[in-house]
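Open the model in your viewer and have the selection tool ready.

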Amino acid sequence: IITLQVGQCGNQIGYEFWKQLCLEHGITQDGVIRDDIDVDAGDRKDVFFYQADDEHYIPRAILLDLEDRVIDGIRTGDYRKLYNPENFIVDTQGGGAGNNWASGYTQAKDKIEDIMDMIDREADGSDSLEGFVVCHSIAGGTGSGMGSYMLEALNDRYSKKLVQTYSVFPNDGESNSDVVVQPYNS
């Protein structure tokens with residue numbers, strides 16, 4: 001399974017997801033099996049991780065954002081050695097999508113070849129790709145717009161694979177959201 005973390009919310013959810021998976025599978029923040037874990041206990045780490053040549057377990061994760069704040073936090077955080085540094089796409093101008101679905105969708109069109117190349121590389125390295133997990137929000141710009149475009153692209157290229165989304169929806173009852181266009185994005 002390849003995990004796609006899209007936008008601020010998607011990357012924050014994904015970060016917590018990997019922390020929990022590491023805890024459950026006995027993998028340290030550096031991607032190494034803890035000494036007290038029996039590696040041959042039948043644990044299927046290969047579903048979400050691949051094992052590098054140096055015995056490190058690396059998440060099958062691609063982190064995407066149009067502004068760098070959250071991904072920079074992951075790159076410098078406690079789990080910075082866990083991820084494959086080649087699986088990050090951050091817009092070089094760092095302007096983001098401005099909480100605008102159309103901006104996220106349009107910017108995704110410009111980056112889709114690089115993103116699909118990463119996905120294809122991860123898929124090729126998998127023994128038997130089961131599908132994808134997409135973490136994103138539908139209230140802002142990158143998670144909603146780029147997330148929509150990614151779902152379309154995945155359906156076009158991997159139509160027979162399972163795609164499961166973890167989508168954060170806006171709170172209907174909250175009238176004082178900091179995202180004014182939230183109802184239009186979702």
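Select Leu 4 and Ile 62: Leu 4 stands opposite Ile 62 in β4. The model is predicted, so local features need pLDDT of at least 70 and side-chain atom pairs pLDDT 80 or more, while totals for chains, interfaces and linings use all residues. Residues are numbered from 1 along each chain as its sequence is written, and side-chain values use heavy atoms, leaving out hydrogens and water.

Strands here are DSSP runs (E, at least two residues) and helices are runs of H or I of at least four, numbered from the N terminus; strands pair if DSSP finds at least two bridges between them.

Now show the side chains of β4. Ala 61, Leu 63 and Asp 65 point one way, Ile 62 and Leu 64 the other. Because 5 of the 5 residues of β4 are buried, the strand is largely enclosed by the rest of the structure. Buried means under 20% relative accessible area, exposed over 50%, partly exposed in between (1.4 Å probe, protein chains only).

Which residues does Leu 4 touch, not counting those up to four places away in sequence? Among them are Ile 62, Ile 119, Val 133 and Met 150; contact means heavy atoms within 4.5 Å.
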